[in-house]
Amino acid sequence: MILVEGLRKSFADVRAVDGVDVTVEQGEILVLLGQNGAGKSTTLRCLGGILRPDAGTISLDGLRLPEKLNEVRSRLGVVPDQARLYGRNTAPEYLDHFGFLYGVPADVRKKRIAALLERFELADRADTVLAAYSRGMAQKVSLIRATLHEPDWIFCDEPTAGLDPVAAADMRRYLGEQRERGAALIVTTHVLGEAELMADRIAIMKRGRIVKSGTLDELRAETGQGRRFVAALTAEPRDAESLRRWLREHTLDFNLERDRLTYVIPWDTQVAARGELAAAMQRELSSHGAPFHELEEEQISLESVYLAAMAGKDESLPALRGGKEGTSKSSSPAISGIPAREMFGSIRKQGRMLGHALPFYVSSWWRRGDLSWVMYLNAFVLLLVGGTSLFGQLPGQAGQVAQRFAGAQALQAGLLLPLFFMSFALLESIKSSIGIWWEKAQQSLEVLLYTPVDDPSLIWLEVLPGAVVSTVWVTLWMAAGMAMLTFFGEKAPWDLLPVFAFVAAVTAYWAAMGRMLGFMLFPREGASGGAWSFLLSPVSAAVADLPLALFVFRSPFATASLLLPIVACVALTVLCGVTFDRERLMETGVGRTRRRRVWFATGVIRRNAAALAAGALLAIVPAGVAAALTSNANLHSWSEVAGSAGIGQHETSGIAYEPVANTTSPTNGVTVAAAGLAGVVGTLALMLLLMVVSFAAFFLLGLPAVLGVMTASVLWGIQLGFGASAPLEGWLVGATGFALLALALNTGAALPIYWSLVFGSGRRLDRLRDAWTSYWALYRSLVIPACVLFGLVVFRLLAAG
């Protein structure tokens, strides 16, 4: 039995469900009727456990939600309002996948799939991909998926939508078979005729509340005055007034017009009493020379019942159980996420899931066809490896620079690191057919969330298959690159192949965890947030190149450098776990009202004044200290600074700087145009660089951003301390100063994000989302203007010659 009491659910200022009470017995079909936006789908999602109710209780056969949610999911089948199938798979592949998720044994699901496809006349389309199915055929597959595991409770959101009359009748028969099996069903529909044909009971929703419910006869009784009968008379009565007096005594209401009589009697009148009244009326009519030759009951249509319910005043709607609106206590506790111990402990149980999901997702990804152009680009880089190996070094100035810094490893570093970057970044950029990313992008995630896959497994479903694919892909291409080096007589670092594979696995893991966090932080931006997903792959690959470069150059710090991505992976795993929320995955970020964008957010600046001041101090204090120390030490060039630090030797007595004479030539149109272009490019480049810094620092708890602004401030302060005679003083005081200002403001705007990462507790995800929202407002209000000032100074300096 399904029992719902006082269910309430709101989205921001929109009350979607407001005090719903529902009871559905085993072997019964309840049909929910209501206009679009009445709350029918939201009610089903709350009952299915993918939305948390704000108040009320939900119990299915005594299993309370959300405490027993995992047990409920294994016995629940859901048909959403749209089929949302996997277009690249065939029906047997798709159904087998969900049969596995629901725990149906392989031999059993194979037989059931074959039988149900035959039952719905889809057996001859078993080899056709689902993208080629019509809407009606897709609805049939969706219903098969929902009932493949023979669930005890079935929720269907408009299951006959898009079906022809024959298919719709077959769908109703199948739902009737599920009812006879003992399942409790809740079905929503807009087709009133469908409701009359299949419903045991009907509930009509309006603005989140059930305004009428009961059997069809009960609803008719509530809507009409009584049972209405129509009699066709053989002639007009001779004494109509006498007949009217008799009708007033024996009926609730009547209408006599010429040879047509309509009368109403109470709804609870028994059949025998109806027959006696009809006989007495025939005698009375015969005495007036007008017996009836036809008598039938005029049923009140469901449409009349529905329209009467919709026309009712809102004041008559029932209040929430428990008194005044808003006083009902929620049965759903605040989301506590997944504890770190549970998150890491669940990895041991993912072997079976990975063994099934990996070939399923990879086959779908392969059929997409994007792999071809990635292979072409990687093959191009591989040919570059082979061609360059013939010359023994990189061509041109690049070879000289690489030889200077890398020595004997110049060729290996110059070729293998770009090959790694290309193979990893390109693969990540198209890896949208694996895991949650794919499910959310094609709007099939809701179906997956109804399955009995627990929360940790949902995260690992996004992370592990992609990590395995990336590791294998990158390892194969790196091995091919090393083989190419060996083939052309160069020494290839085969001992580093496991290092490349390990870094690929760790970085892919990190990127996937970052995507999972992006799903929850940026629901408005589709699959994972526009800028977030755009920057995540190249940033991940670039960070991975750093430890790899140390290994290629045989640096003593190479092994220690692996701690950076490993720590980032652990931190992101913990963060994803404690902030995970299924309801966040369902969000689209679309509200009923569109907020007006304010480019200069005064309120946000005021609230984050302390963080902005901290960012400014991170720049001002190091710059001031560095300038003072440089000036007191009487240093006037970077060579002197290097010498004083013991890095090189310098002669202070022979160094003198004289101001450069002003040799500015008259400006012309070409100079101004080139200066303007340089200013625009400089502005956009600085804006993008600061955004990349914020995203990269997010995964490393903000340390790169803080250390970066302090380092830049020290360098700027040292140059400032050289005095007015130092070269390029105008550039450094002007353009570089505004660049440092933009960096300081950007760091200050992002400090609340880093603070929430390190010191947050409880609803950390809400604070992170608020911090990111504030960051973008500050970025628009302060950082972008500082970048524009930087571009204007660049333009002014170049235009002046």
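**Salt bridges, a buried helix and a nonpolar patch**

With a relative accessibility of 21%, R201 counts as partly exposed, because the buried class is kept for values under 20%. Do keep in mind as we go that this is a predicted model. The partner of R201 is E28: the two form a salt bridge, with their closest N and O atoms 3.2 Å apart. This pair links distant parts of the chain, since R201 belongs to strand β9 (residues 201–206) and E28 to strand β3, 173 residues apart. E28 itself is buried, at 12% relative accessible area.

Let's move on to a second pair. The side chains of E583 and R52 meet in a salt bridge at 3.7 Å, N to O. E583 sits in helix α24 (residues 582–586) while R52 sits in the loop between α1 (40–48) and β4 (55–60), so this contact ties together parts that are 531 residues apart in sequence. E583 counts as buried at 10% relative accessibility, whereas R52 is partly exposed at 23%. Both belong to a network of salt bridges that links K9, R52, D581 and E583.

R220 and E196 form a salt bridge through their side chains (3.6 Å, N to O). R220 is in helix α8 (residues 216–223) and E196 is in helix α7, so the parts tied together here are 24 residues apart in sequence. R220 is buried at 10% relative accessibility, and E196 is partly exposed at 35%.

Helix α6 (residues 165–180) has 16 residues and spans 23 Å from its first C-alpha to its last, close to the 22 Å expected. Its buried residues include A167, M171, Y174, L175 and Q178. An α-helix has 3.6 residues a turn, so residues three or four places apart point the same way. At the start of α6, a side-chain oxygen of D164 comes to within 3.0 Å of the backbone nitrogen of V166. After the helix comes G182, whose phi is positive, near 110°.

F344, I347, F502, I566, V570 and V574 make a nonpolar patch of about 430 Å². Helix α23 (residues 563–579) gives the most to this patch, with 3 residues. V574 is found in α23, and V574 is partly exposed with a relative accessible area of 31%.

Note on methods. Residues numbered from 1 in each chain as written. Predicted model: local features only at pLDDT ≥ 70, side-chain atom pairs only at ≥ 80, totals over all residues. Heavy atoms only, no water. Patch = residues over 30% accessible without salt bridge, like charges linked within 9 Å, V, L, I, M, F, W, Y side chains within 5 Å. Areas by Shrake-Rupley, 256 points an atom, 1.4 Å probe, with all protein chains shown as cover. Salt bridge = Lys/Arg side-chain N within 4 Å of Asp/Glu carboxyl O. Helix = DSSP H or I, 4+ residues; strand = E, 2+ residues; numbered from the N terminus. Buried < 20%, exposed > 50% of the residue type's maximum accessible area, 1.4 Å probe, protein only. Expected span 1.5 Å × (residues − 1). Polar contact = N/O pair within 3.5 Å; in protein donor to acceptor, adjacent residues only side chain to side chain.
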